[in-house]
Amino acid sequence: MKLSVGLKVANNLSLTPQLQQAIRLLQLSSLELEQEIQIQLDSNPLLEKIEDINTTESLSTLEVKESSDLTTELNADHLPNDLPVDTEWDDIYTHQSTALASPEFEEREDNRQIQLSLKEHILEQVNLLHFSNLDKLIAYCIVDSLDDRGFLETTLEDILSAVVGLLHQMESEEEVEEDEVAVVLKHIQRLDPVGVGSRGLAECLKIQLEALNDKTLYLNEAKILLKNYELLISNDLNKLLKQTGLSKDQLQSAVDLLKTLKPYPGLEFDQQESEYQVPDVVVLKKDHHWQVQLNPDVMPKLRINSFYSNMIRRADQSDDNVYLRNQMLEAKNFIKSIDERHKTLLKVSTCIVQHQRAFLEHGPEAMKPLVLRDVAEEVELHESTVSRVTTNKYMLTPRGLFELKYFFSSHVGTTSGGEASSTAIRAMIRKLVSSENPRKPLSDNAIAELLKNDGIEVARRTVAKYRESLHIPSSSERKVLI
């Protein structure tokens with residue numbers, strides 16, 4: 001083996017730190033971008049945020065006016081008894097009783113509302129009942145076994161075993177039987193909301209019917225109807241009329257009464273927080289033209305701090321000067337990356353609006369098929385870049401707030417040789433289902449035939465897939481009794 005030294009020329013692609021930062025900022029949402037900017041402001045002294053100029057000018061004008069008024073009064077021949085001061089005694093110190101321990105700061109009323117969970121709400125009512133310690137222990141075990149709907153997930157035997165185990169841990173000699181668990185469960189089922197702790201939908205509705213006033217119209221008919229729960233669920237109208245002996249009018253009134261009840265009493269205590277999204281892009285129509293602009297509320301206004309930048313000296317190689325120079329370079333790169341992010345977002349959003357102008361004019365049924373490649377080729381960017389720009393970014397239109405990904409969809413062929421967007425087909429399916437006869441709902445084959453009459457060639461399984469994605473039940477489940 002012979003060793004030798006030589007030169008080799010090759011092309012190599014590497015990501016610079018500035019490019020990595022630009023790519024990372026490109027895929028951040030508005031909230032994540034705000035957090036990233038705050039981190040940079042806290043860590044880089046040469047980066048600062050531009051505040052509202054009008055507010056600053058008004059404050060400075062107010063300060064000059066107050067100082068001039070104070071100077072005029074001090075230069076007067078006769079000084080007034082009460083000179084103007086910056087603050088009042090009561091502004092700093094508030095009168096508080098010395099007999100009680102009081103907080104350091106002024107107390108303010110907390111108007112925030114804290115929603116209790118279902119289990120906390122039930123336990124508050126249990127503590128108000130005249131239960132013995134053993135009954136409270138049983139009630140705690142029952143409440144702990146409730147699911148999000150308010151139903152009891154476990155059997156009475158399991159709850160009894162849990163209670164016995166807790167008594168054994170506490171070294172208690174008390175004995176408990178299954179009948180005691182059933183009695184405590186009946187008390188819980190009558191608490192608010194009525195029906196909580198039920199072991200099924202039929203029992204939940206039955207408990208709510210028993211809690212109604214005896215003079216409620218069609219109460220007995222509803223109880224009779226509930227005894228034939230299986231036929232009611234299967235929508236077997238003929239057998240239901242024959243089995244219950246009710247007329248169609250009575251059956252309709254009983255069903256209407258059942259609809260007023262709460263099938264899942266625990267869902268109203270669901271503490272899922274509403275997610276509020278801030279639009280990154282705003283689309284408005286002015287003079288018959290659609291205009292696209294960035295949301296100014298999420299556009300940060302950054303600049304280089306002039307005070308620290310003037311302290312940088314060219315020939316100085318001290319540690320402080322080198323630090324300021326590096327921080328200034330990072331601040332400039334960060335501002336440039338933010339600017340490039342906004343330019344790319346505006347460019348892609350404008351292209352999307354140009355393609356989906358029919359959607360803005362007429363709604364989802366007019367959505368045009370669009371993929372990332374079409375936009376990438378038009379704005380001369382890579383598909384991955386377009387994907388990053390459209391992820392977690394939202395557009396505010398006259399038709400609502402939509403994620404940019406919403407405007408991209410696959411296409412389905414039409415009988416005329418054209419293409420139709422899958423989003424438009426979903427909107428058509430929803431419209432057909434909403435206008436159908438509830439006694440004779442449309443099947444997937446019928447929906448496919450209606451779409452074919454409109455020039456859209458869609459298979460039955462495709463209709464079923466789109467229907468399921470819209471959370472629309474099948475035709476047999478959509479059928480109503482009367």
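What follows is a working chat about the predicted model shown above.

Reader: Ground rules first. What sort of model is it, and how are residues numbered?
Author: This is a predicted model, where local features need pLDDT of at least 70, side-chain atom pairs count only at pLDDT 80 or more, and totals for chains, interfaces and linings use all residues. Residues are numbered from 1 along each chain as its sequence is written, and side-chain values use heavy atoms, with hydrogens and water left out.

Reader: How many helices and strands are in the protein?
Author: There are 22 helices and eight strands. Both are DSSP runs numbered from the N terminus: helices are H or I with at least four residues, strands are E with at least two.

Reader: And what share of the residues is buried?
Author: Of the 482 residues, 34% are buried. Buried means under 20% relative accessible area, exposed means over 50%, and partly exposed is in between, with a 1.4 Å probe and protein chains only.

Reader: What about contacts between residues at least 6 apart in sequence?
Author: Of those, 64% join residues at least 24 apart. Contact means heavy atoms within 4.5 Å.

Reader: Switching to aromatics. How many pairs?
Author: The count is eight aromatic pairs. Rings of Phe, Tyr and Trp (its six-membered ring) pair if their centres lie within 6.5 Å; planes under 30 degrees apart count as stacked, over 60 as edge-to-face and the rest as tilted.

Reader: Why is the pair of Phe359 and Phe402 edge-to-face?
Author: The planes of Phe359 and Phe402 stand at 80°, with the ring centres 5.4 Å apart, so the pair is edge-to-face.

Reader: Which parts does that pair tie together?
Author: Phe359 is in helix H16 (residues 357–362) and Phe402 is in strand E6 (residues 400–403), so the pair ties together parts 43 residues apart in sequence.

Reader: Phe359 and Phe402: buried or exposed?
Author: Phe359 counts as buried at 1% relative accessibility. Phe402 is buried too, at 16%. Phe402 also forms an edge-to-face pair with Phe407, 6.0 Å centre to centre and 65° between the planes. Phe407 is buried, with a relative accessible area of 1%.

Reader: Which residues do the ring pairs link into a cluster?
Author: Phe359, Phe402, Tyr406 and Phe407.

Reader: Helix packing now. How do H19 and H20 cross?
Author: The axes of H19 (residues 422–434) and H20 (residues 444–453) come within 11 Å and cross at roughly 120°. Axes are lines fitted to C-alpha atoms, for helices over the stretch in contact, and angles run from 0 to 180 degrees between N-to-C directions.

Reader: Which residues meet there?
Author: From H19, Ile425, Met428, Ile429, Leu432 and Val433; from H20, Ile447, Leu450 and Leu451. By class, that contact has eight nonpolar, no polar and no charged residues. Ala, Val, Leu, Ile, Met, Phe, Trp, Tyr, Cys and Pro count as nonpolar, Asp, Glu, Lys and Arg as charged, and the others, Gly among them, as polar.

Reader: On to H13. Which of its residues are buried?
Author: Leu251, Ser253, Ala254, Val255, Leu257 and Leu258. The buried residues of H13 pack against helices H9 (201–211), H10 (219–227), H11 (229–233) and H12 (237–244).

Reader: What span should H13 have?
Author: H13 (residues 248–259) has twelve residues and should span 16 Å at 1.5 Å a residue; its end C-alpha atoms are 16 Å apart, which agrees. The expected span is 1.5 Å times one less than the number of residues.

Reader: What is phi at Asp287 and Asn392?
Author: For Asp287, phi is positive, near 55°. Asp287 is in the loop between strands E2 (281–286) and E3 (289–294), and counts as exposed at 68% relative accessibility. For Asn392, phi is positive, near 60°. Asn392 is in the loop between helix H18 (383–390) and strand E5 (394–397), and is partly exposed at 35%.

Reader: Last one. What does Thr385 touch?
Author: Thr385 touches Leu26 and Thr344, not counting residues up to four places away in sequence. Thr385 lies in helix H18 and counts as buried at 18% relative accessibility.
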